[in-house]
Amino acid sequence: MAQRGLTSSVFAIVVLGFFLTQISSSAFLPAMLVVARDFNQTAHSIQFTLSVFFMGYGVGQFIWGSLSDGFGRKPVYAIAFLIYIVAGCFISVAHASLVFFLAYAVFGFAAACFTSVGNATIRDA
């Protein structure tokens with residue numbers, strides 16, 4: 001007999017995903033001036049990072065939901081988590097602002113999966 005409802009491990013993964021989405025967009029804020037100095041940019045140009053994050057996040061909302069409906073929640077969640085980790089590594093080692101912006105857009109794109117697929121997972125339970 002199939003188990004209905006949200007198991008504790010699935011619930012923990014969904015909560016972790018929601019947490020990662022929130023921290024992805026706000027943990028960077030205190031370091032913004034340091035990043036601006038390191039990239040020899042103005043603070044205003046580095047603030048564009050949040051816009052780039054949410055552009056990737058907005059696009060990801062459409063794509064991840066469709067992919068999870070077609071391929072299942074678990075594999076899509078795993079792929080998004082892998083993309084999230086790789087984008088985070090690129091962000092941490094970026095030596096140019098363009099690489100930083102592109103990686104942050106991919107970071108937002110992957111973080112969108114945690115919200116859209118997480119909500120669908122909770123609704124399915």
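This is a predicted model: local features need pLDDT of at least 70, side-chain atom pairs count only at pLDDT 80 or more; totals for chains, interfaces and linings use all residues.
Biologist: Hi! Which residues touch the most other members in the largest nonpolar core?
Modeller: Those are I46, W64 and F100, in a core of 30 residues.

Biologist: And which elements give two or more residues to this core?
Modeller: Four helices do: α2, α3, α4 (73-93) and α5 (97-124). The largest share comes from α5, with 12 residues.

Biologist: Why would nonpolar residues gather like that?
Modeller: In soluble globular proteins, nonpolar side chains tend to be buried together.

Biologist: Let's zoom in on W64. What does W64 touch?
Modeller: Leaving out residues up to four places away in sequence, W64 touches V76, I79, A80, I83, F109, A110, A112, C113, S116 and V117.

Biologist: New topic: where does F18 lie?
Modeller: You'll find F18 in helix α1, which covers residues 8-26. Its contacts beyond four places in sequence are F114, T115, G118, N119 and I122.

Biologist: How far apart are F18 and A112?
Modeller: They are 94 residues apart in sequence, but 9.4 Å apart in space, going C-alpha to C-alpha.

Biologist: Last one, N40. Where is it, and what about its phi?
Modeller: N40 sits in the loop between α2 (32-38) and α3 (43-71). Its phi is positive, about 55°, although N40 is not a glycine. Most residues other than glycine have a negative phi.

Biologist: Is N40 buried or exposed?
Modeller: N40 counts as exposed because its relative accessibility is 71%.

Note on methods
Residues are numbered from 1 along each chain as its sequence is written. Side-chain values use heavy atoms; hydrogens and water are left out. Contact means heavy atoms within 4.5 Å. Buried means under 20% relative accessible area, exposed over 50%, partly exposed in between (1.4 Å probe, protein chains only). A nonpolar core is a set of buried Ala, Val, Leu, Ile, Met, Phe, Trp, Tyr and Cys residues joined through side-chain atoms within 4.5 Å.
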